[in-house]
Amino acid sequence: FPSHDKFFYMPSIILETSETQNGVEKDLYTLYKNQFLNPKVKSLGAPDSIPYFPSAEDLYYYVTDYDESVFSNISIDSSGKMTYNVEVGATNFSYMNIVFVVK
């Protein structure tokens, strides 16, 4: 039975969807690392940063679901660089779920 503590959802990021675009690139690993290194708020006595995986190759990257009316042609390489197309502008209900799995 697989362990449930070996995956986590990527922190929230902004994906520009106001206009049609092809070949948009996002470095998922770097975006995650930067948020863990520089959290906006922390509890009293907490360390300044959150522990993170030191290499992009320590993780597998998945898109578990997405708004197919907005996004298409999604791919992710082994270092977490995601490329996608924006077909139409997003609505208030558009989404993309990204999960990291520890190798």
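**A hairpin and its sheet**

Let's begin at the hairpin of E4 and E5: four residues lie between the strands, and Gly80 takes a positive phi near 85°. The labels follow DSSP runs numbered from the N terminus, with strands (E) of at least two residues and helices (H or I) of at least four. This is a predicted model, in which local features need pLDDT of at least 70, side-chain atom pairs count only at pLDDT 80 or more, and totals for chains, interfaces and linings use all residues. Residues are numbered from 1 along each chain as its sequence is written, and side-chain values use heavy atoms, leaving out hydrogens and water.

Strand E2 (residues 21–27) runs antiparallel to E5 (residues 81–86), and five bridges join the two. Here Val24 is the residue opposite Tyr84 in E5.

Put together, the strands make an open sheet of three in the order E2-E5-E4, with antiparallel pairing. E2 and E4 are the edge strands, each pairing on one side only. On average, neighbouring strands of this sheet are turned by 20° against each other, direction ignored; axes are lines fitted to C-alpha atoms, for helices over the stretch in contact, and angles run from 0 to 180 degrees between N-to-C directions.

Finally, helix H1 (residues 28–37) packs on the sheet and touches E2, E4 and E5, contact meaning heavy atoms within 4.5 Å. The direction of H1 makes about 45° with that of E2.

Notes. Two strands pair if DSSP finds at least two bridges between them.
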